[in-house]
Amino acid sequence: MFKEFSTRYVAFAFGTWWVLWTAVVWYIITFYGVSWQQALVDASINMALLALTSIAVLNTIKFYRPTRGNLLYLRLWSLLHALFISAVHGWLIAEIYSYQIEVVRFVELSSPIRYVFNLVMIGISTTAIVIYHYVKDEREHELRKDAAEQLAKETELIKLRQQLQPHFLFNSLNSISALAGSKPEQARKMIQQLSDFLRGTLRKEEQQLTTLRDELHHLQLYLDIEKVRFGHRLETAIQCGAELEALELPPLILQPIVENAIKFGLYDTTDAVLIELTAQLAQKELIVQVKNPFDAVTAAPRKGTGFGLNAVSRRLYLLYGRTDLLKTHTEGNLFITTIHIPQP
Amino acid sequence: MIKAIIIDDEPLARSIVAEYLQTYSQITIVQECGDGFEGMKAIGQHQPDLVFLDVQMPKINGFEMLELLDQPPAVIFTTAFDEFAMRAFEAHAIDYLLKPFSKERFDKAMEKWMKQKATPQHTQALLDTVAAQQEEQQRVVVKTGSSIRIIPIQEVLYFEAYDDYVKIHTKDGYFLKKKTMQYFENTLDPKVFVRVHRSFIIQVAEITKIDSADEVLLKSGKRVPLSRTGYGKLKTVLGI
C-alpha cells in the first residue's frame, strides 16, 4: 500500500501540498481586485502559518496519539488554532502594509471566509497526520511481529537440529571408557569418530541445505559409533544411487530418523537388527525410507511417532510449510519411516 | 563367594563393570546378560548377591524386570541419563552409577553396598516409587510359567482382585501379577480405567451397558458389580 514511506517522501508531499494551496489562495485573492503582490504576500503568510501549525501537530502526535475519547480536544484545538492563525495573519498584513485603510478593510471583510478556510485546512492536515501515524504504527508493528516470528522460527529450527540425545553421548563416552582399559587403540579411534560426528553437528548448524552425499557421510559417522556400542547386534544397509548424491536436503535430518529406528529396533527385540536406508527420486522429491524390524506382538504400544520423529516432522513443516513430508507405516514386522524432500 | 550378575545391553558397558570388579577377589561374576529376559532367568538360576543393572534395555527395562521377580536382589543401577530414574534412586538412597563412571566412584558404590546388605528391601521400595511416579502406565509385564508377556494397557478388559494378586483379564484369558488394586488404580489413566468396585477396575471402552446402579455389563459378556462410589465415579467419567 505505502511502498515508499520514507521521511523524505513525506516531506516532499508535505511541501508540495502547501505550495499548491498557496497558489490556489493567491489566485482566488486576485479576483477581489487586490494587486497580485499583495495577494501573494497575503496567501503566503496565511499558508505559512498553517504549515507551521501542521508541523507542530506532526511533532506532538509523534509522542502522543489521540484516542477516541479525546478527539473532542483535537477539534477544540483546531477551532482555537484557526482563530489564532486568522488573528496573527490580520495583524501581520496590517503591519506590513502600515495599516493602509483598504488593506485592513479587505482583511476584515474576508476574515469569516478565511476563518472557515483555515479551520478546514487544519482539520484536513490534522486528520492526515493522524492517519499517517496510525498507518506507520501498524506497519512498524507488522515488521516487529514478522521479525519476532522469524526469530522464533530460526530459534526453534536450531533447537530442533541440536536435539542430540544425551543417552547417545553418555553411552558412547562409557564405551570409550571401557575401551580405554582393554583396547586403547580402539578407544582413540572412537574418540576420533565421536569428535568428527559432533563437529559435523556443529558445523552444519549454519547451512540451510546440504547434499545427500554429505548427509550420508555424517550418518555413517554416527552408525560407526553405534556399531561399537551395540557390537554385532546392529547391521546397516544403505542404498543410494550415485546420481542422487547431489540432491539437497536439510542437514542432520536423517540421523534422528535412523536413531529412532535403532532404538525402536534394538529395544524391541533381542536379536541382531538390520536397519535399511534407501534413497530415490520421484516427482521432484527426494524420498528416503528407513526400515527397522520390530516385534508386532510384544512391541510396546507407542504414542504417536516418538519424540525424535516429531522433531523431524516439525522441522520439515517449518522449512517447507507442509505436514505430509514424514510418514510412518508398518509392513509385517517392519516399521518404515519415509520422508519426502521437495527438490527445487 | 559373592555372586554377581551384570545386565546391560551394551557389551562394552558390561566389560567395564567386569574390569572394575577384578579388584574384588571375593566376588565372582556368574553371568553377563544382554537383556531383561536373560537377566531374569539368570537371577532365578543363580540367586546372586548383587546385580549391576542398566535401566534402558531391549524389550523390558530394568525396573520391569525387577518387578517380575518374587524376591528382587540387591541392585546397583547403571544408567547413562534418565532423570526419572535418578529421582527414584535418590528418593530411596539407592546407589546408582552414571555412565561413564570412574573406578573411584565404582568403589564407593561397592563400599556402600557392603555396609548395608539389606538392599533387597530398598529395591522393593524403589519399585513402588517408580510405579507411582510413572505418569501413565502404558503396558503390564507379566510372567506366565517360564515366559514373559507384555500386555499393552488397552488390551486389558478389567482387573480383578485375587488375594495377594491381581487378575489381569484380556481376551486371551487372565494373567496374575503380585500387586495391589491400589497400585493399578494409582498408575492407570483414570479416564480410561475406573475402579467400579473394591475388587474391580474396568476399562471404560469395554462397557456395553449399565443395567442398574449395582451392575455393569462388559462387551465380553462379563457382569461386574458396581459399588455406590464406583457408580458415582463411572457417571463422572462418562459424563452422565
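Predicted model: local features only at pLDDT ≥ 70, side-chain atom pairs only at ≥ 80, totals over all residues.
So, α5(A) passes α7(A) in a left-handed crossing. In it, helix α5 of chain A, residues 166-182, packs against α7(A) at an angle of about 60 degrees, and the axes are 10 Å apart. That angle makes α5(A) oblique to α7(A).

Who makes the contact? On the α5(A) side you'll find N171(A), S172(A) and S175(A), and on the α7(A) side I225(A), V228(A) and R229(A). Sorted by class, that contact has two nonpolar, three polar and one charged residues.

Let's stay with α7(A) for a moment. This helix, residues 212-230 of chain A, also lies across β2, β4 and β5 of chain A, and runs at about 165 degrees to β2(A).

That brings us to the sheet. Five strands of chain A make up an open sheet with mixed pairing, and the order is β2-β4-β5-β7-β6. At the edges stand β2 (234-239) and β6 (326-331) of chain A; each has a single partner strand, so one side of each is left without a neighbour in the sheet. On average, neighbouring strands of this sheet are turned by 15 degrees against each other, direction ignored.

If you zoom in on β4 and β5 of chain A, residues 273-282 and 285-293, you'll see that they run antiparallel and are joined by seven bridges. Have a look at Q280(A) there, which stands opposite I287(A) in β5(A).

Now for another helix pair. Helix α1 of chain A, residues 7-30, and helix α2 of chain A, residues 36-63, pack at an angle of about 140 degrees with their axes 8 Å apart. Therefore α1(A) and α2(A) are oblique to each other, and their crossing is right-handed. Among the residues that meet here are W18(A), W21(A) and W26(A) from α1(A), with W36(A), L40(A) and M47(A) among those from α2(A). By class, the contact of α1(A) with α2(A) has 11 nonpolar, four polar and one charged residues.

Finally, chain B. How many residues of chain B are in contact with chain A? There are 21, and they touch 23 residues of chain A. On the chain B side, the elements giving two or more residues are α1 (11-21) and β7 (147-152) of chain B. The largest share, six residues, comes from α1(B). That side of chain B divides into 11 nonpolar, four polar and six charged residues.

Thanks, everyone, and I'm happy to take questions.

Technical notes
Residues numbered from 1 in each chain as written. Chains lettered and ligands numbered in written order. Pairing = 2+ DSSP bridges. Helix = DSSP H or I, 4+ residues; strand = E, 2+ residues; numbered from the N terminus. Axes fitted to C-alpha atoms, helices over the stretch in contact; angles between N-to-C directions. Contact = placed C-beta atoms within 7 Å. Nonpolar A, V, L, I, M, F, W, Y, C, P; charged D, E, K, R; others polar. Parallel < 35°, antiparallel > 145°, perpendicular 65-115°, else oblique. Left-handed = near helix turned anticlockwise from the far one by under 90°.
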